[in-house]
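Thanks for coming. Please have a look at it first.

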Amino acid sequence: MKGLRREAESIGLAAQLAIILEVSAYPKPGNVSRLHPFKDSSLDHFLAGGVAAGPALAEAALKGLKAGLGRLPLSRVGLGLHLERAVRASRAMHHGGNTNFGTLLLLVPMAAAAGFLKAQGRFSINRLGLMVKRLVREAGVEDAVGLYRAVRLAGVGGLGAPPRGLPDASKPEAPEEVRRGRLTFYRIVEACSPQDSLCRELVEGLPLTLRRGYPTLLETYKKTGDINRAVVQAYLTILASQPDTLIVRKAGRKEAEKVSEMAERILKLGGALTREGLREAERLDRRLRARGNLLNPGATADLTASALTAFLLAGHKP
């Protein structure tokens, strides 16, 4: 049992470090930084929330390890429970509002999936995505209840406007409606996936995380030995690859597409690999922040954190 606990803690630490490295990287246009806090949240709030969520992430990994050893059915790993606990712990540690609900939505299943695969001695980046997809499909009604409770705890407005047939996550009675309707975790995230890139990651097995973010991190880090540049390059790559769904919800698709086009132009200048690219990233940061947090690519930041988690779980170190 002690061996399992140590392995689970190692996975939890990787996820914690990913959260911290992601939020600390600069310049990631439109995001919180030490130089540029948002009105109600600062870098310190994000760091505090990331550290506080560690034990819940480790517990998710432990459940995954037990499932990998055949001691627990996949349906009882408890994705919703651990997500709720992680969000609760994060909110209890600071006064900065919702700092990492989206990141935790991705990292809790990733921690459990990593535990399962490591218990079986079969961990690989490709299998990680497939295992997340499998866990999400196995997650049941109580996991969906935990997801809805986590949304309310985080203080977010839900996963966008609720698709037809789903309760409104912003309403206090929503978790009980989920239970009465026998709605599963998979049913919720699958219904939200057309409008939410994070839900789509869970349903499709982490395509942006593992095919865009992770390879960019690895390639850039090998070239530069600089984890900050690697994180910024991965962020720009993900942002350029698709409109950020948080911006879509706040400002509309046209604005989100413009931001992605600007990220693509920065990459053509070399992105974080060149001085010119970094200067353009700083200019874009100023341009986005001039609109408050309306044009904050928050979903892209969450996807960058999940790519970093994969990077660390694969044994790479900053």
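Let me start with the second largest cavity, which is lined by Val87, Ser90, Arg91, Asn98, Thr99, Asn100, Phe101, Leu104 and Ala154. The space in this cavity is about 30 Å³. Before going on, the conditions: this is a predicted model, in which local features need pLDDT of at least 70 and side-chain atom pairs count only at pLDDT 80 or more, while totals for chains, interfaces and linings use all residues. Residues are numbered from 1 along each chain as its sequence is written, and side-chain values use heavy atoms, with hydrogens and water left out.

The spaces are found on a 1 Å grid over the protein atoms alone: a cavity is a set of points where a 1.4 Å probe fits but cannot get out, a pocket is an open set with protein on both sides within 12 Å along at least five of seven lines, and lining residues have an atom within 4 Å of a point. Grid points are joined across faces, edges and corners, and a volume is the space filled by probe spheres set on the points. By this rule there are 2 cavities of 30 Å³ or more.

Which helices supply at least two residues each to the lining of the second largest cavity? They are helix 4 and helix 5, where a helix is a DSSP run of H or I with at least four residues, numbered from the N terminus. Helix 4 gives the largest share, 3 residues. By class, the lining has 4 nonpolar, 4 polar and 1 charged residues. For the classes, Ala, Val, Leu, Ile, Met, Phe, Trp, Tyr, Cys and Pro count as nonpolar, Asp, Glu, Lys and Arg as charged, and the others, Gly among them, as polar.

Now the largest pocket, with a volume of about 810 Å³. It has 38 lining residues, and Asn98, Thr99, Val156, Leu246 and Asn296 are the closest to its centre. Two or more lining residues come from each of helix 1, helix 5 (101-119), helix 13 (245-251) and helix 16 (298-313). The lining divides into 14 nonpolar, 16 polar and 8 charged residues.

Next, the helices. Helix 9 is largely enclosed by the rest of the structure, because 6 of its 8 residues are buried, meaning under 20% relative accessible area; exposed is over 50% and partly exposed lies in between, with a 1.4 Å probe and protein chains only. The buried ones are Phe185, Tyr186, Ile188, Val189, Ala191 and Cys192. They pack against helix 4 (79-92), helix 5, helix 6, helix 7 (141-154) and helix 10, contact being heavy atoms within 4.5 Å.

Serine 193 sits in the loop between helix 9 and helix 10. Its relative accessibility is 9%, so serine 193 counts as buried. Leaving aside neighbours within four places in sequence, serine 193 is in contact with Cys199, Arg200 and Val203.

Val203 also takes part in the packing of helix 6 on helix 10, where Val132, Lys133 and Val136 meet Leu202, Val203 and Glu204. The axes of helix 6 (residues 125-138) and helix 10 are 6 Å apart, at an angle of about 100°. That makes the two helices roughly perpendicular, the range for that word being 65 to 115 degrees. Axes here are lines fitted to C-alpha atoms over the stretch in contact, and angles run from 0 to 180 degrees between N-to-C directions.

Last, some backbone points. Most residues other than glycine have a negative phi, and most peptide bonds are trans. Where does arginine 182 lie? Arginine 182 is in the loop between helix 8 (174-180) and helix 9 (185-192), and its phi is near 55°. Leucine 206, in the loop between helix 10 (197-204) and helix 11 (207-224), has a phi near 65°. Buried or exposed? Arginine 182 is exposed, at 60% relative accessible area, whereas leucine 206 is buried, at 0%. Finally, the peptide bond joining tyrosine 26 and proline 27 is cis, with omega about 0°. Proline 27 is in the loop between helix 1 (2-24) and helix 2 (43-52).

Technical notes: Parallel < 35°, antiparallel > 145°, perpendicular 65-115°, else oblique.
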